[in-house]
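Below is a short briefing on a single chain model. Look through the structure first, then read the points by topic.

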Amino acid sequence: MLKQRIITAVVLAPLAIAGFVLLEGAGFALFVGAIVVLGAWEWARLAGEEGQKGRIVYALVVALLMVGLYQVAWPAQYLLLPALAWWVVALVLISRYPKGRGLWAGSMISQLFGLLILLPAWYALVWLRALESGLWLILGVLVLIWAADIGAYMAGKTWGRNKLLPRVSPGKTVEGLAGGLVFTQILTLGVLLYLGWGFEALLLGQAAAALVVLFSVVGDLTESLFKREQGLKDSSSLLPGHGGVLDRIDSLTAAAPVFALCWMLIGERLA
């Protein structure tokens with residue numbers, strides 16, 4: 001397993017870095033869109049679609065919707081605000097689980113949830129990349145997610161005693177969540193001070209970073225919930241040693257639209 005993880009990382013990491021750094025415009029939208037289509041194929045399985053044909057059709061529908069959104073060039077808030085509303089709903093679902101599962105488990109509603117997860121995340125990344133400092137902003141949201149994971153792992157391993165949501169993800173602890181938040185807050189403060197942000201901007205930036213980190217955890221837990229419903233350990237085996245595409249981007253699907261919305265509301269005015 002370790003050998004598989006290393007080989008997969010060595011092959012995919014340079015491709016991912018090159019895609020994010022070198023591609024812009026339609027090329028970047030296509031690059032991220034290809035990842036999202038694979039994620040859509042996996043989500044159909046998590047939504048209860050057992051047949052391969054149904055999963056492929058669902059992935060094609062997502063692909064066509066992305067093409068349409070790119071051609072129409074909707075204002076980003078038209079997707080980002082519904083995405084925020086969805087992630088609040090997702091927070092309720094994971095908090096109440098297993099209560100309410102009969103309303104959505106294995107149904108068309110679950111497939112609708114997939115659209116609310118995947119399409120805004122894709123659009124948020126495309127919108128961010130088109131900004132003058134887009135590459136750095138995307139790096140910022142990725143670093144927040146990675147730092148939150150590192151902080152949560154270290155704090156959870158050292159002090160973890162109280163389970164966060166054991167029915168959804170038994171491995172996560174309250175102490176781990178707190179550790180991820182504290183670590184990202186310290187990191188964000190250092191970056192914003194280096195950039196010379198004023199006091200008001202610092203407060204808003206810290207609050208936005210905390211919001212992004214919290215929703216990234218909701219994204220992770222949401223995928224865990226749907227995997228648990230289907231009795232799956234991974235979303236697929238597309239990435240040997242790493243599970244599926246959704247297993248790698250679950251936090252990003254929630255963090256990206258929330259980060260983009262925060263930047264739209266406060267970042268461009270205060271930076």
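## Briefing: cavity, pocket, rings and helices

Tryptophan 263 has a relative accessible area of 15%, so it is buried. Buried means under 20% relative accessible area, exposed means over 50%, and partly exposed lies in between, with a 1.4 Å probe and protein chains only. This is a predicted model, in which local features need pLDDT of at least 70 and side-chain atom pairs count only at pLDDT 80 or more, while totals for chains, interfaces and linings use all residues. Residues are numbered from 1 along each chain as its sequence is written, and side-chain values use heavy atoms, with hydrogens and water left out.

**Aromatic pairs**

- Rings of Phe, Tyr and Trp (its six-membered ring) pair if their centres lie within 6.5 Å; planes under 30 degrees apart are stacked, over 60 edge-to-face, and the rest tilted.
- The whole structure contains eight aromatic pairs.
- Phenylalanine 113 and phenylalanine 226 form an edge-to-face pair, because their ring centres are 6.4 Å apart and their planes stand at 85 degrees.
- That pair links distant parts of the chain: phenylalanine 113 sits in helix α5 (residues 108–130) and phenylalanine 226 in helix α8, 113 residues apart.
- Helices here are DSSP runs (H or I, at least four residues), numbered from the N terminus.
- Phenylalanine 113 and phenylalanine 226 are both buried.
- Tryptophan 197 and tryptophan 263 have ring centres 6.5 Å apart and planes at 40 degrees, so this pair is tilted.
- This pair also links distant parts of the chain: tryptophan 197 is in the loop between α7 and α8, tryptophan 263 is in helix α9, and 66 residues separate them.
- Tryptophan 197 counts as buried because its relative accessibility is 16%.
- One aromatic cluster is formed by Trp43, Trp86, Trp87, Phe113 and Phe226.

**A charge over a ring**

- Arginine 129 lies over the face of phenylalanine 28, at 5.9 Å from the ring centre.
- The test for such a contact is NZ of Lys or CZ of Arg within 6 Å of the ring centre and within 35 degrees of the ring normal.

**Cavity**

- On a 1 Å grid over the protein atoms alone, a cavity is a set of points where a 1.4 Å probe fits but cannot get out; a pocket is an open set with protein on both sides within 12 Å along at least five of seven lines; lining residues have an atom within 4 Å of a point.
- Grid points are joined across faces, edges and corners, and a volume is the space filled by probe spheres set on the points.
- The structure holds one cavity of 30 Å³ or more.
- The largest cavity has a volume of about 50 Å³.
- Its lining is Trp43, Trp87, Ile117, Gly219, Thr222, Glu223, Leu246, Asp250 and Thr253.
- α8 (199–230) and α9 (245–270) are the elements that give two or more residues to this lining.
- Four lining residues are nonpolar, three polar and two charged.
- In this scheme Ala, Val, Leu, Ile, Met, Phe, Trp, Tyr, Cys and Pro are nonpolar, Asp, Glu, Lys and Arg are charged, and the others, Gly among them, are polar.

**Second largest pocket**

- The second largest pocket holds about 690 Å³ of space.
- Its lining has 24 residues; Gly140, Val191, Leu192, Leu195 and Phe259 lie nearest its centre.
- At least two lining residues come from each of α6 (134–159), α7 (174–195), α8 and α9.
- The lining of the second largest pocket divides into 19 nonpolar residues, five polar and no charged.

**Helices and backbone**

- Helix α2 (residues 25–46) has 22 residues and reaches 31 Å from first C-alpha to last, close to the 32 Å expected at 1.5 Å a residue.
- The expected span is 1.5 Å times one less than the number of residues.
- The buried residues of α2 include Phe28, Glu42 and Trp43.
- Glycine 48 follows α2 and has a positive phi, near 105 degrees.
- α6 has 26 residues and reaches 37 Å from first C-alpha to last, close to the 38 Å expected.
- Among the buried residues of α6 are Gly134, Leu137 and Ile138.
- The peptide bond from tyrosine 97 to proline 98 is cis, with omega near 10 degrees.
- Proline 98 is in the loop between α4 and α5.
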